[in-house]
Structure formats: structure tokens, C-alpha cells
Amino acid sequence: MNSHESMLESVAVYALGSLSPQEAQAVRSHLKTCEECRREYRDLAPAAEALGYSAEACEDARSGAIAPPSPLLKKRIMAQIRPNVGEIRAVRPIVWPAYAVAAACVVLALVTSIFNISLNEEIHASQSTIAQLNANKTQLARQLAIQRLEMADLVAPDSQRYPVENGQVVKHGSRIYIAMDALPAPPKGKVYQAWTLHAGATQMSPSVTFVPNSGGVAVVPLPGNGSAVVAVAVSVEPDGGSKQPTSKPTFVLKFT
Amino acid sequence: MARVRRRDASAFEALYDAYHRLVYGVALRMLGDAASAEDVTQAVFLKIWSSPELFESGNFAGWVVRIARNRALDLLRSKSRNYDELSDTLPDTDQLEERAFATLDAARVRNALAALPADQREPIEMGFFGGITYEEISRRSGVPLGTVKTRIRSGLRRLRSALEGTVTV
């Protein structure tokens, strides 16, 4: 087999996602310059992506497929993204305005007979808008409370401030913040990831991922109790974060 | 996704209804236990809600499977040190024309996969759902490295042919 035929096989394994990072990088570089391999990738990648469908869960046990997850999972997720879901559901069952408006629609239709006005739909749309606004209000209130606490920590005179490249790390009590004011945007498909070293540990633990806003500003509270954290670092990682740093840290700060 | 970007919870709910079986199925197939698969499913959908801008355009199902697979791989790697390090993401298609099968369903892909010869299907499933490199596939199956690569390529080509006719660009 010639070396290019071997490269075509590597492209197939790359499409499957089963190359090591080093080999994947080599294939990526090659794809930029080789039309034949690009064509091969374009042919095979959809087949590799389609593999996921073979595992799709199905309600019908006779299909031989995996059974779907518990309905409680949806409730858990929706509760997290819509914490006041109860309020929304409490609003929806109110039906008397719909009847009143429907009656008004009939009268209006008789009188005008020109416009087919569906006020019912408008009411439902309005209710939906109000529910959404309520959801947004609650979410904003929670965010505001958190931001107030963070702001208080950041400006507190007894906070400890440690200058690092592109910003500073602020420690107040057991809370730690990474506050960047000139952080360049990470490369496409990458994010910044914070790392923490706890007392007695030999390896950094992965913490949150983040990206700065368009002005290069990022204020990132590190989750958990920071009392036992003896060092903080930040590195550029693939989107979704990593278990171990895969790039040289942009800074490593040891608390003294 | 445009409505999800505008923080429309009902649009997000519809998205969940449409894709949670796919995400959960991939995670369960990779991890083998329902609790971990539910954790992955929850993480994937919360990621979609918190960072909808990560999906730019193209094949949403392919993108969501990719996220689910990466999350499941993270869990697999954290549970075992016997895994070779894999690329963190599936192939980067930034520079490539994106294609996807337009009308896929689970039964059709399952049938196409089942129709592959076992020596092609097995390394493909080990790579995709086992989250291991072809070197590890070779080591576990006792099949030479070059043969594993050849079989993966042949299998993907056959799979492609079986699903042909539904390709969109």
C-alpha cells in the first residue's frame, strides 16, 4: 500500500474520531492541502456521524433499541432552565378571559364581518409572553443577587488581590475570582479553563471554563470552597474543557 | 435554535423532546449505565441552553451527538486509565464542506450497521461507542493496526453506500 492510500485510511479513522490527538492534527494539516483526502473525508464523515442514530432510544421495546430515559430527567432539566415553571403552569389554566374574549370576537365578527380577528390567539400569546417575562424576571433577580455578592467581594477592602497576566485573581474569604480585563478571545473551538490546586494535592483539578466578552473582560467565580486552594491557573482548552491541561497555562498563581 | 438563543424555554423544551433520545442513547451505549447516561444528557442540554451560540449552523443532530460523545468520553477517561488519549473533539470541519444525511432514523442506521460484516462493524463500534483509538482496537482485538484501519474505512464506505440517497450538502 502506498503512503497516500495509508493516509486515506487515516482520514477514515479520523472521521470516526479514533485517532490520537497527534495523528488527528497531522490529518487535519494534510486535509488543508489534499483535495482527494478532503473528498474522502466529506464522503465518510456523514456515515460516522450517523452512527449515533443507531443508539437512539425508542419507546417501542420490540425495536431492540435502548429504552428512553426517565421522564423525571426532563423535569430536572426544565426546572434548572425555568426555575419558575410552576408559576407559568399556574397561569395557563386560566380560561375565563378566553371565553370572554371569544364572545367579544363573535360580537365583533357580527358587527364588522370584515376582519377575522383571533383574539384568543392574542390572549394566549400575551399569556405566553407574560409567563416568559416572569421567567426572565426571576432569572434576572437571581443573577443580580449573585452579581451583587460577587461585586461586594471584588471591591471589598479586605479582599486579597494577586496581579496576573491580563488581570488579577481576587480572594475574599473562601471565595476566589478570576478577574480579567484584557484577555484575548480564545481560538475558535477553544475556551479558557481555570485549574485549582488544593492543599496536599499533587495535581491541578479542572475548574470552570469561560470566554471573555468582546472587550476582553471576564469575571469568573471559581466554584466550591476556596479555603483549601493553594494555587490557581488558567489555560486554553478545547470547548467543553479538559480533565488535564493540554496547553501551557497563561498563568499559574500560587497563593502566599 | 434561533428561539433558544432568545431564551425561549418552550423552544428548548421542543428541542429536548426531539433529541433527548438520541443524546441519551449515545451516552448509554458508551457508558453502560443509565444514571451516568442521564447525567450526560442533562449536561448536554444545559450546555445547549447556556451556550446556544456554540452551534453555528449545519447538522444539529450531528453536533449534539458530538457533544454527547465528548461528555461520555470524559466520563470514560475519568473512570479508567486504560484509555489512550483521544482527540477532544470529533473532526473539525471548519475548512470542509458539511454534509449530512437528510432523512436518517434509528432503525435505518441500525439495519445498515447490522448489515456490515462483523470484522468491519466491530472496530467501528469500538471506536465510536468505546471511545478508543485504533491502536487500542488493534490491541484488544489482536488484529494488526493496518488491518484495523482498512476495515474501518471499508466499513464506513459500506455504511455510506447503505445510507446513500439521503445526502444533503
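This is a predicted model: local features need pLDDT of at least 70, side-chain atom pairs count only at pLDDT 80 or more; totals for chains, interfaces and linings use all residues.
Helix α2 (residues 9–31) of chain B packs against helix α3 (residues 34–50) of chain B at about 140 degrees, and their axes are 8 Å apart. α2(B) and α3(B) are therefore oblique to each other. The crossing in which α2(B) passes α3(B) is right-handed. On the α2(B) side, residues making the contact include B:F12, B:Y16, B:V23 and B:L28; among those that α3(B) contributes are B:E38, B:V44, B:F45 and B:W49. Sorted by class, this contact has 15 nonpolar, three polar and one charged residues.

Now over to chain A, where four strands make an open sheet in the order β5-β4-β7-β8, with antiparallel pairing. Which strands stand at the edges? They are β5 and β8 of chain A, and each has a single partner strand, so one side of each is left without a neighbour in the sheet. From one strand to the next, the twist averages 20 degrees.

Here are the residue ranges of some strands of chain A:

| Strand | Residues |
|---|---|
| β5(A) | 205–210 |
| β7(A) | 229–238 |
| β8(A) | 251–254 |

Strands of a sheet pair through backbone hydrogen bonds, either parallel or antiparallel. β7(A) and β8(A) run antiparallel and are joined by four bridges. A:V234 has A:F251 of β8(A) as its bridge partner.

Definitions and conventions:
Residues are numbered from 1 along each chain as its sequence is written. Chains are lettered from A and ligands numbered from 1 in the order in which they are written. Axes are lines fitted to C-alpha atoms, for helices over the stretch in contact, and angles run from 0 to 180 degrees between N-to-C directions. Helices (H or I, at least four residues) and strands (E, at least two) are DSSP runs, numbered from the N terminus. Angles under 35 degrees count as roughly parallel, over 145 as roughly antiparallel, 65 to 115 as roughly perpendicular and the rest as oblique. A crossing is left-handed if the near helix is turned anticlockwise from the far one by less than a right angle, and right-handed if clockwise. Two residues are in contact if their C-beta atoms, placed from the backbone, lie within 7 Å. Ala, Val, Leu, Ile, Met, Phe, Trp, Tyr, Cys and Pro count as nonpolar, Asp, Glu, Lys and Arg as charged, and the others, Gly among them, as polar. Two strands pair if DSSP finds at least two bridges between them.
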